Amino acid sequence: MTMTSEALLVEMKEKREAVRELLARTPAEYDEIRELWKAHSLAEDARDIGGLMATLTENCVYELVQTGHRWEGHAGATQFYLGLLGAFPDIDFNLTHIVIGPQGVCEEAVATGTHEKEWIGWQPSGERVTFRVVIFFPWDADKKLFTGERVYTFFPEGTPLVAVE
């Protein structure tokens, strides 16, 4: 996926009002957001797809920002997790930073896992891989759930991920 300066400016204008609303939120929901993130993380560690879906809105969106891959709704989020966990059955996210606020959660982690199956065009190597992720979990204040994940990946040797055409 190629992002142009013009596309970034359009995105900026489209999201301006939504960002202002996010900035107006207060930290009153901190504990609730934190507990939901913990439930989400524990479900991920347990490979509990139902537990993961219980933390997400019905219209959630999972997005790999740099490649343009998107999965929508619970069906899409399930597909995302089945693909990721199938490709890296022993994947482990080791938290290095976290910010929790009224807009949701942002976490940074080092992910490690053995690449056993193809995932979004990345052919399996059978080798252990290590990469960094930064993940935004936007919070829906009305539904008290996350609206998905916006995932940024950083690979030490450059990205092996294939962009959406």
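Strand S4 (residues 104–114) and strand S5 (residues 128–140) run antiparallel and are joined by 11 bridges. This is a predicted model: local features need pLDDT of at least 70, side-chain atom pairs count only at pLDDT 80 or more, and totals for chains, interfaces and linings use all residues. Residues are numbered from 1 along each chain as its sequence is written, and side-chain values use heavy atoms, with hydrogens and water left out.

**Sheet**

- Six strands form an open sheet: the 6 strands follow the order S2-S1-S6-S5-S4-S3, with mixed pairing.
- Strand S2 (69–72) and strand S3 (92–101) each have a single partner strand, so one side of each edge strand lacks a neighbour in the sheet.
- Neighbouring strands are turned by 15° against each other on average, direction ignored.
- Glu108 has Val134 in S5 as its bridge partner.
- Two strands pair if DSSP finds at least two bridges between them.
- Helices (H or I, at least four residues) and strands (E, at least two) are DSSP runs, numbered from the N terminus.

**Helices on the sheet**

- Helix H2 (residues 30–45) lies across strand S1 (56–64), S3, S4, S5 and strand S6 (145–154). Helix H2 runs at about 165° to S3.
- Helix H4 (residues 73–87) lies across S1, S2, S3, S4 and S6, at about 45° to S1.
- Contact means heavy atoms within 4.5 Å.
- Axes are lines fitted to C-alpha atoms, for helices over the stretch in contact; angles run from 0 to 180 degrees between N-to-C directions.

**Salt bridges**

- The count is 8 salt bridges, each a side-chain nitrogen of Lys or Arg within 4 Å of a carboxyl oxygen of Asp or Glu.
- Lys144 pairs with Glu29 at 2.4 Å, N to O. The two are 115 residues apart: Lys144 is in the loop between S5 and S6, Glu29 in the loop between helix H1 (5–23) and H2.
- Arg128 forms a salt bridge with Asp90, with the closest N and O atoms 3.0 Å apart. This pair also links distant parts of the chain, 38 residues apart: Arg128 in strand S5, Asp90 in the loop between H4 and S3.
- Salt bridges that share partners join Glu63, Arg70, Glu72 and Arg150 into one network. Glu63 and Arg70 meet at 4.0 Å, N to O.

**Burial of the partners**

- Buried means under 20% relative accessible area, exposed over 50%, partly exposed in between (1.4 Å probe, protein chains only).
- Glu29 is buried at 15%, whereas Lys144 is partly exposed at 32%.
- Glu63 is buried at 15%, whereas Arg70 is partly exposed at 44%.
- Asp90 is partly exposed at 33%.
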